[in-house]
Amino acid sequence: MAKIGVYGGTFNPPHLGHILAAREFQRVLDLDLLLFVPVYLPPHKKLPPDTPDATRRLELLRLATEDVPFALVDDLEFRRAGASYTVETLRALRERYPRDQLYLCMGTDMLLSFDSWYHPKEICSLAQVVMAHRADAEESALEEYAGTFKKRYGKAPIFIPNDFIEISSTTVRRLLILGGAADDLDSKVYGRILDLGLYGTGRNRKHLPFDQLKQESLQLHNESRVNHVVGCSETAVALAKCHGANVEDAARAGILHDVTKALSGAEQLHLCRTHGIIVDDFLKTHTKLLHAPTAAAVADHVFGENEAVCQAIRWHTSGRANMTTLEKIIYVADYMEPNRDFPGVEELRRLAYSDLDAALLLGLEMTRDHLAQQGAPMGKDSMEAMAFLRQGKDVP
Ligand code: FE
Ligand code: FE
């Protein structure tokens with residue numbers, strides 16, 4: 001009796017996290033064979049825009065797995081076409097391997113939705129369910145889940161700690177556009193994606209008209225941040241009109257100011273390497289602030305924005321001494337856009353139109369007080385920005 005793993009997913013694109021997880025499944029379960037079964041059409045969610053066609057997706061998965069000795073790509077869901085149901089795949093595999101033990105390998109994201117899968121009970125009778133979870137997951141929560149699972153489906157899942165599986169394809173797709181995906185992809189896969197311009201990598205994003213810039217950049221955000229960046233852009237336009245700044249630049253800086261915000265600290269550091277950003281000790285320990293320099297680099301290298309726009313993005317979290325009007329506008333707009341709600345925001349909104357410097361200083365002071373409450377220090381650039389404003393100096 002052979003042990004056969006079945007690893008399903010969209011693999012869109014297949015990345016190193018998938019391969020490392022596969023190696024771990026093989027090692028822990030002592031698998032004789034691991035089948036990568038790419039999902040043709042997920043039943044519950046749409047494939048994201050810029051997903052390559054089926055042939056290309058298969059080709060990338062074959063490239064990604066060709067050096068993994070125990071792995072095979074099985075295109076049975078592609079041949080079946082239509083919505084891909086795991087239970088149908090397992091029925092087919094059971095027929096093909098009547099005497100062998102099947103292990104259905106998946107990540108914790110699947111775990112959350114398993115109850116809503118098509119025929120979950122039959123799935124559990126056809127294969128042993130194996131779930132990879134983050135190494136720091138709480139043991140008691142897993143035990144509780146295993147208990148409920150067993151009661152419902154007759155057999156508890158096998159849990160395997162595995163941090164690699166948490167790399168998400170969504171993030172890799174973003175990194176392909178923003179720069180910094182090379183670390184997460186097999187070099188052959190990465191090269192092929194770039195050669196063919198897949199996942200939107202072949203599109204020229206430089207100097208786009210505003211509507212297109214908006215559309216392209218909003219795709220790089222988590223859904224929850226979209227209203228904020230649109231609000232910031234619209235507020236920046238209103239402030240630019242009020243204070244005589246370049247309205248187009250204000251709109252563009254506003255829409256791009258948080259373009260890398262969806263990335264984790266580690267991914268921000270990848271981007272810093274890609275774009276040659278020097279990270280000082282303060283930024284190394286305050287990776288939340290890195291999205292300002294990385295977004296500025298992306299605005300420059302990916303979107304071809306002008307210097308004024310890039311600098312406004314660069315200083316939007318910290319401020320600095322002697323800021324340009326556009327830099328002040330983006331800092332303040334980010335703070336007071338209509339989705340913001342905190343004590344003092346009304347005063348900031350009032351000041352922003354009558355005295356931009358006073359609004360900027362108030363924003364900096366509120367940030368300082370907020371940081372102080374958390375026992376966190378304020379960065380040097382922000383301190384200099386406050387000192388500069390208090391001396392009453394301005395851009396010559
Ligand atoms: Fe920000
Ligand atoms: Fe923001």
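Ala, Val, Leu, Ile, Met, Phe, Trp, Tyr, Cys and Pro count here as nonpolar, Asp, Glu, Lys and Arg as charged, and the others, Gly among them, as polar. By that division the lining of the largest pocket holds 14 nonpolar, 13 polar and 11 charged residues. The model is predicted, and local features need pLDDT of at least 70, side-chain atom pairs count only at pLDDT 80 or more, and totals for chains, interfaces and linings use all residues. Residues are numbered from 1 along each chain as its sequence is written, chains are lettered from A and ligands numbered from 1 in the order in which they are written, and side-chain values use heavy atoms, with hydrogens and water left out.

At the iron ion (ligand 2), the protein donors (N, O and S atoms within 2.8 Å of the metal, or 3.2 Å for Na, K and Ca) are His228 (NE2), His257 (NE2), Asp258 (OD) and Asp334 (OD), at 2.2 to 2.3 Å. Along the chain these donors follow the spacing H-x28-H-D-x75-D. His257 lies in the loop between helix H12 (247-256) and helix H13 (265-275), whereas Asp334 belongs to helix H17 (residues 325-336), so the pair ties together parts that are 77 residues apart in sequence. Both are buried (under 20% relative accessible area, with a 1.4 Å probe and protein chains only): His257 has a relative accessible area of 0%, and Asp334 one of 9%. Asp258 also bridges to the iron ion (ligand 1), with the two ions 3.3 Å apart.

Among the residues that line the largest pocket, H19 supplies seven, the most of any contributor.

Note on methods. Helices (H or I, at least four residues) and strands (E, at least two) are DSSP runs, numbered from the N terminus. Buried means under 20% relative accessible area, exposed over 50%, partly exposed in between (1.4 Å probe, protein chains only).
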